[in-house]
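User: Hi! I'm new to reading protein structures, and I'd like to learn how to go through one feature at a time. Could you walk me through this one?

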Amino acid sequence: MKFIIKIMGLLLSGLFFCNSVIGQTLYTNPVMGSAPDPTVLHYGERFYLYPTCNQTKMPVYESLDLVNWKRKGYIFDNTPPKLLPSGGSLWAPDVIVYKGTILMAYSVSKMGEVIDNGIGIAIADNPLGPFTDSGMLFTSKEIGVRNSIDPSFYIKGKTLYLLWGSFYGIYITQLNTKDLDHISVKSPVKKTQLAGNIFEGTHIYKRGKYYYLFASIGTCCAGLRSTYQVVVGRSKNLLGPYVNKNGEYMLDNAYTPLIKGTDCFIGPGHGSSILLDNEGKTWYIYHSYVKDDMAKGRQVMLQEIKWDKEGWPYVESGIPVISATVPQFNKMK
């Protein structure tokens, strides 16, 4: 009996199996198969997930609880965005609702390319699309930042900002949104660097008096050799400076670790913006390789972000959770 109790304790604490069978009130990671660099839009009573895709279309998935996902098709109809590099693809989008319109920022690039790439904008009235492509917001050459990919939006009041960058600095700039069909970088262009050259896949989340800059570091896409992990810094000012727990600057490549890999989950990282449930809990969607199921690539993970007394985010044991209680969101009427 003591052995059985011990095994059950290890199972629920996430220390025994990479995958487990659980009850209806719990979920088990991963919550979905291959969908790298996931971003999630909470729209009405549903959630919509958009991933990196190595093609000229982009799939969209729908869920009521962040746990059970169903693919609903592709967001671009017969007119996908024009890709810059030969053989390039759509990567790492971000999707928000701004002034009643659904906005997507997407990357166009290919592996190993740091110059011939950039960030585009698309708009829609429905999370399932079709999205209408507005074209390139800027290229790496135009904005003067190498590897200008991994965009994410941030809304402060009525002002819309764009955050972007991948291993050549993380930057932020204000957008001109007078005409949502033709969004542009506000002129004169002012880009502010927030973090150094080891970060990518960033999002900003405001909680209390602090802005939190979530990012990924390491190697994302090398299978069992991936070293990806999630890190964080914070600032009282949207434009920084962002620091770690020791007060060291992210501009100098300092950070506070948040989620690192395990023997089961390899290379966790590149998460979506944080989602708030009915109980005030904050949730994070990200990707990870699963050692027992490497053929599926980078799969979708769900984890609660907790907060310590000093206001710093953390996850239990600093590693991906295996099983946990299902988030509580509004039920369908």
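User: Let's begin with the surface. How much accessible surface does the protein have, and what part of it belongs to carbon and sulfur atoms?

Analyst: Keep in mind that this is a predicted model. The accessible surface of the protein is about 15200 Å². Carbon and sulfur atoms account for 50% of that surface.

User: And what percentage of the residues count as buried?

Analyst: A residue is called buried when its relative accessible area is under 20%. By that rule, 55% of the 333 residues are buried. You will find Thr202 in strand β16, which covers residues 200–207.

User: Which residues does Thr202 touch, apart from those up to four places away in sequence?

Analyst: They are Ser152, Leu163, Ile170, Leu213, Phe214 and Ala215.

User: Now the overall build. How many helices and strands are there?

Analyst: The protein has two helices and 25 strands. For the overall dimensions, the C-alpha atoms fill a box of roughly 70 × 45 × 40 Å along the principal axes.

User: How does the radius of gyration relate to a compact globule?

Analyst: For 333 residues, a compact globule would have a radius of gyration near 20 Å, and the protein has 19 Å, so the two agree. Taking contacts between residues at least 6 apart in sequence, 53% join residues at least 24 apart.

User: Where does Ile319 sit, and what is it in contact with beyond its neighbours within four places in sequence?

Analyst: Ile319 lies in the loop between β24 (313–314) and β25 (323–325). Beyond those sequence neighbours, Ile319 is in contact with Ile259, Lys260, Gly261, Thr262 and Gln303. Ile319 is also buried, with a relative accessible area of 16%.

User: What about Ala222 and Gly233: how far apart are their C-alpha atoms?

Analyst: Those two are eleven residues apart along the chain, and their C-alpha atoms are separated by 26 Å. Ala222 is in the loop between β17 (210–217) and β18 (229–235). With a relative accessibility of 22%, Ala222 is partly exposed.

User: Next, disulfides. What is a disulfide, and which cysteines form one here?

Analyst: A disulfide is a covalent bond between the sulfur atoms of two cysteines. A search of the whole structure finds one. Its partners are Cys220 and Cys221, with sulfur atoms 2.0 Å apart.

User: Is that disulfide left-handed or right-handed, and why?

Analyst: The torsion about its S-S bond is about -80°, so the disulfide is left-handed. The two partners can be described by their accessibility as well: Cys220 is buried at 17%, while Cys221 is partly exposed at 29%.

User: Why is Cys53 too far for a bond?

Analyst: The closest cysteine sulfur to that of Cys53 is in Cys221, and because it is 14 Å away, it is too far for a bond. Cys53 itself is buried, with a relative accessible area of 5%.

User: What should I look for in the backbone?

Analyst: Most residues other than glycine have a negative phi, and most peptide bonds are trans. That makes departures from this pattern worth a look.

User: Which peptide bonds are cis, then?

Analyst: One joins Asn29 and Pro30, with omega about 0°. Pro30 is in the loop between β1 (26–28) and β2 (32–34). Another runs from Ser187 to Pro188, with omega near -5°. Pro188 lies in the loop between β14 (184–185) and β15 (191–195).

User: And where are Asp37 and Asn147, which have a positive phi?

Analyst: Asp37 has a phi of about 50° and lies in the loop between β2 and β3 (39–43). Asn147 has a phi of about 60° and is in the loop between α2 (140–143) and β11 (152–156). Asp37 is buried at 9% relative accessibility, and Asn147 is buried at 7%.

User: Last one: how many charged side chains are there?

Analyst: There are 34 positive and 26 negative side chains, and the centres of the two sets lie 3 Å apart.

Definitions and conventions:
Residues numbered from 1 in each chain as written. Predicted model: local features only at pLDDT ≥ 70, side-chain atom pairs only at ≥ 80, totals over all residues. Heavy atoms only, no water. Rg over C-alpha atoms; globule rule 2.2 N^0.38 Å. Buried < 20%, exposed > 50% of the residue type's maximum accessible area, 1.4 Å probe, protein only. Contact = heavy atoms within 4.5 Å. Areas by Shrake-Rupley, 256 points an atom, 1.4 Å probe, with all protein chains shown as cover. Lys, Arg positive; Asp, Glu negative; His and termini not counted. Charge placed at Lys NZ, Arg CZ, Asp CG, Glu CD. Disulfide = S-S within 2.5 Å.
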